[in-house]
Amino acid sequence: MRLVGKTAFVTGGRQGIGRGIVDAFRAEGAAVATCGRGARPEGLDDSVTWYELDVADAKAVLAIAELTSGTDILVNNAGVQVEKTVVDSTDADWDLVMGANCRGVFNMCRAFIPAMPQGGSIINIGSISGKVADPSMALYNASKAFVHGLTRSIAVDHGPGVRCNAICPGWIETGMLEAGFDLSNDPQAARADALARHATRRFGKPADIAAMAVWLASDEAAFATGQLFTIDGGMTAASPINTGLF
Amino acid sequence: MTGILEGKTALVTGGRGGIGHAIVARFLREGARVYAADLTPQGSLAEHDDDGSQFVKLDVTQEADAIAAMERVQAETGKLDILVNAAGIEIEKTIEETTLDEWNRSFAVNCTGTFLTSKYALPLMRTAAKSGASASIINFGSYDGFIADPGLAAYCATKGAVHALTRAMACDHGPEGIRVNAICPGYVDTPMLQSFFTGDGSGGGGKTIDQLQQAVRDVHPMRTYGTPDDIANLVNWLASDEARYASGQLWVLDGGLSAQVQQMRL
C-alpha cells in the first residue's frame, strides 16, 4: 500500500473518474475525503468523509480547508461540460464552466496549499481537450487549458514543498460517453469508429486515471512536478486522418 | 515591383519536387537568385519546367555533392542568404515491414540530407549574415513529427529528428546571424501525397481516389488540404528580413488538422 498515513481530498467524488480515484486511494491506505453538490451518494464506503460543497464557492471552500487542515493530497477533479461553440455560449454557460473548472480549482488550491505538509501533492484533472480542440466544446476546452497553465504555475511557485501535476484523460467509459453514442444515428457504428481510433482498441476506465493519480500522489513520484500526463489509449498520438477508416 | 528577397541568394533542395518547386517559383518572383537542387532537372515533377532557376545536381545524402554545390554557389555569388532543406522521401510502412535499407534511406535523405547541406552551406551563410541582415535556414519537418499517421513509422521518426535538429541549429548558429526554423506541413497536394493515396497505405475501403481525397479534405477544419503555394507563402516570409526575430521554431501549416482531436463519426 503506497498511501498509508496520508490524507487525501478529492473533489467531485460522486461518480466517474472522481469516484475511481477515491476508491483507489482508499485501497492504497489513504484516509480519503470527497465532496460534491448535494447529499452523500449511495455506495460510498463508510470510511470516506463526504462534504457537501460547491467548489465555485470560495467561502465554502475555505471553511472545508480549515476542517481538513494538513491534507497531503489534493485532487481537483470536479468539473462540468457544456457542449457549445463560442457563439452559442451564454453568460450562464460561462459562469457554470469557468466557475467549476477554473475558479473551483483556483479556490481549492488557494485554500489548501498554505496548510499542506512538506511533500504534498496536488493532482489536477486537465484534459486532452485542453491541448487539442473537441468540436463544440469551446468553454470546456479553454477551461482545461487554464488548468494546465495553473498546474505549471503552482509547481513553480510552491515547490519544493508541494508538487503539482495534471492528468489529461481522453475518452473514459462513463455514463456521459454512452449517452453520446446513443444520440448517434448508428450507435454501434459510432462506437466501433471511435474504438478504432484508440491504439488500445478500448476506451479508458476511471481506474486507468486513478492508477496514475495514485502514482502521482505517492512518494515514488517525488521528482515529478509541473507536468501534464496524458492517458488516452494513444488517441492523440495519432493523426485525425486515418484513411483506413474511410 | 521590387520583391522582398531582392539581392538574396537561395538554394532549395528538392527544388524540382512538389513543394520545393513552388518555393523556387516564389523566391524567383520575389527577386532572389535561386539554385534549385535536385537529383535530376525534372525531379519528381511530371515534366521539367525551365523556371529561371539555376539547376544544381544534388543528392543530399552525398557529402561530395553538398561540397560541390556550395563550391559552385561560392564561385558564382560568394554567399548564400537562404537555404531550404525540402528534399524528402516517405516510406509507407510500419517498423515491422520496413527493411533496414529503407530505414537507413529515410534517415539519409530526411535527416542526413538536412545535416550535410546545412553543414556545407554555413560558411556561405555566415558571409551573407555579415551584410547585417540575418541568413535563414528553413528545414522541412512535418505534423507527422508531432502525431503519427498509421504505417509511416520511419517518416514520422525522421521528421521528429528534424524538429530537434532545427532547435539545435538555431541555438548554435543564432549568434552568427543565422536563423533556423522548420515548416511542418500537414496534407499538401504533391506527388508524395498522390503516391500516398494510390499506395498500399491508403486503406481505400472501396472508395475511389476522388472519394478518398474528399474524405481527407473533410477531416480538416478548413475542409481542404494545402497547396504547395500555401507552404511557399510561409517559407517566403521566414526567408525574408520581416522574420528577423523568428528562429528555433516549428511552424505547423495544416489547415487546422492537428488542432483538433480525432474526428469520430458520431
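This note walks through selected features of a predicted model with chains A and B.

1. The sheet of chain B. In chain B, 7 strands make up an open sheet whose order is 3-2-1-4-5-6-7, with parallel pairing. Its edges are taken by strand 3 (54-57) and strand 7 (250-253) of chain B, and because each of these has a single partner strand, one side of each is left without a neighbour in the sheet. From one strand to the next, the twist averages 20°.

2. One strand pair in detail. Strand 1 (residues 9-13) of chain B is joined to strand 2 (residues 33-38) of chain B over 5 bridges, in the parallel sense. Within this pair, B:L11 has B:Y35 of strand 2 standing opposite.

3. Helices on the sheet. Helix 3 (residues 100-129) of chain B packs on the sheet, where it touches strand 1, strand 4 (82-85), strand 5 (135-140) and strand 6 (178-185) of chain B, and its direction makes about 170° with that of strand 4 of chain B. Helix 4 (residues 153-173) of chain B lies across strand 5, strand 6 and strand 7 of chain B, and runs at about 165° to strand 6 of chain B.

4. A loop residue of chain B. Between helix 7 (228-239) and strand 7 of chain B there is a loop that holds B:Q249. This residue, B:Q249, counts as partly exposed because it has 17 C-beta neighbours inside 10 Å, a number between the limits of 12 or fewer for exposed and 20 or more for buried. Although B:Q249 and B:G141 are 108 residues apart in sequence, their C-alpha atoms are 11 Å apart in space.

5. Helix 1 of chain A. The 12 residues of helix 1 (residues 16-27) of chain A should span 16 Å at 1.5 Å a residue, and the end C-alpha atoms are 17 Å apart, which agrees. Since 9 of these 12 residues are buried, helix 1 of chain A is largely enclosed by the rest of the structure. Among the buried residues are A:I17, A:I21, A:V22 and A:F25, and their cover includes strand 1 (7-11), strand 4 (73-76) and helix 7 (206-217) of chain A. After helix 1 of chain A comes A:G29, which has a positive phi, near 100°.

6. Where the chains meet. Contact between the chains involves 23 residues of chain A and 22 residues of chain B. On the side of chain A that touches chain B, helix 6 (residues 187-196) of chain A gives the most, with 3 residues. The residues on that side of chain A divide into 12 nonpolar, 8 polar and 3 charged.

Technical notes:
Residues numbered from 1 in each chain as written. Chains lettered and ligands numbered in written order. Predicted model: local features only at pLDDT ≥ 70, side-chain atom pairs only at ≥ 80, totals over all residues. Pairing = 2+ DSSP bridges. Helix = DSSP H or I, 4+ residues; strand = E, 2+ residues; numbered from the N terminus. Axes fitted to C-alpha atoms, helices over the stretch in contact; angles between N-to-C directions. Contact = placed C-beta atoms within 7 Å. Expected span 1.5 Å × (residues − 1). Nonpolar A, V, L, I, M, F, W, Y, C, P; charged D, E, K, R; others polar.
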